[in-house]
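Me: Please present the model, and then let us discuss the ligand site and the fold.

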Amino acid sequence: MIVTIDGVAASGKSSVASGVARALGVPYVSSGLLYRAATLLGQQAALDLREVTGLISHLQAHALRLEPLSEGNRVWLGEQDLTGDLHSTQVDRDVSVVAAHPEVRAWVDEQLRALPAPFVAEGRDMGTNVFPQAAAKFYLTASPRVRAERRAHERPEDVAAIEAALVERDTLDTTQSAPAEDARVIDTGPLSLQGVIETILSTLPK
Ligand code: CDP
């Protein structure tokens with residue numbers, strides 16, 4: 001069984017996906033980490049991230065591997081664990097440009113589709129493009145201010161700057177982020193993390 005949890009930036013997808021996956025005893029899959037790793041590799045090589053040809057050949061020459069665990073996903077470049085560098089403000093700033101290239105999306109999708117089910121997949125287009133056959137689909141939202149306040153614990157900037165960057169990323173991500181027609185949309189604003197996890201678990205097919 002595949003469960004998809006999509007949603008806007010900082011809507012709590014990873015924490016929710018991890019909680020749901022742990023309750024089900026399966027891994028979760030963070031698609032955003034692969035987009036973040038592609039961005040980091042491009043930045044480290046000083047590539048023009050708007051130029052997809054150079055970026056794709058660079059990605060093909062460097063084997064990135066997503067390790068989906070229920071406690072937290074990791075991304076490996078050979079023996080090197082890149083995970084700790086993937087949530088910087090610089091990666092946040094450029095990731096939407098990288099993710100907008102259809103070739104980069106195909107590179108990510110191929111890796112995701114090769115993973116053995118069952119799992120919980122989280123991202124932007126898990127329920128629409130990557131796993132349209134999923135058994136259950138969810139889409140998480142929350143107001144920009146609520147999301148910025150949550151992310152303020154993980155970034156050095158103040159809430160107003162984080163909120164502005166989130167709103168900009170929402171706009172850049174619009175084409176790749178929409179709820180599937182058969183997704184259940186959950187406003188996480190009034191709910192605790194555990195509340196969102198329980199809402200999802202209670203509506204899963206038995
Ligand atoms: O944690 P947050 O919601 O900020 O982001 P993420 O899930 O780590 O995704 C980072 C970026 O990757 C997003 O802003 C999108 O540009 C891109 N992304 C995407 O295009 N499609 C996905 N399935 C997942 C992420």
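Reply: A polar contact is a pair of N or O atoms within 3.5 Å; within protein, one must be able to donate a hydrogen and the other to accept it, and residues adjacent in sequence count only if both atoms are side-chain atoms. This is a predicted model, in which local features need pLDDT of at least 70 and side-chain atom pairs count only at pLDDT 80 or more, while totals for chains, interfaces and linings use all residues. Residues are numbered from 1 along each chain as its sequence is written, and side-chain values use heavy atoms, with hydrogens and water left out.

Me: How far from an oxygen atom of the ligand does a polar side-chain atom of R105 lie?
Reply: The side chain of K13 places an N or O atom 2.6 Å from a ligand oxygen. At R124 a polar backbone atom is 3.0 Å from a ligand nitrogen. For the polar side-chain atom of R105, the distance to a ligand oxygen is 2.8 Å.

Me: What percentage of the ligand's accessible area does the protein cover?
Reply: Accessible areas come from the Shrake-Rupley method with a 1.4 Å probe. On its own the ligand has 520 Å² of such area, and the protein covers 98%.

Me: Which element gives the largest share of the shell around the ligand?
Reply: The shell holds 19 residues, where near means that a heavy atom of the residue lies within 4 Å of the molecule. Helices (H or I, at least four residues) and strands (E, at least two) are DSSP runs, numbered from the N terminus. The elements giving two or more residues are α2 (31-44) and α4 (89-99). The largest share, 4 residues, comes from α2.

Me: Which residue is joined to P118 by a cis peptide bond?
Reply: P118 is found in the loop between α5 (102-113) and β6 (119-123). The cis bond has an omega of about 5°, and the partner of P118 is A117.
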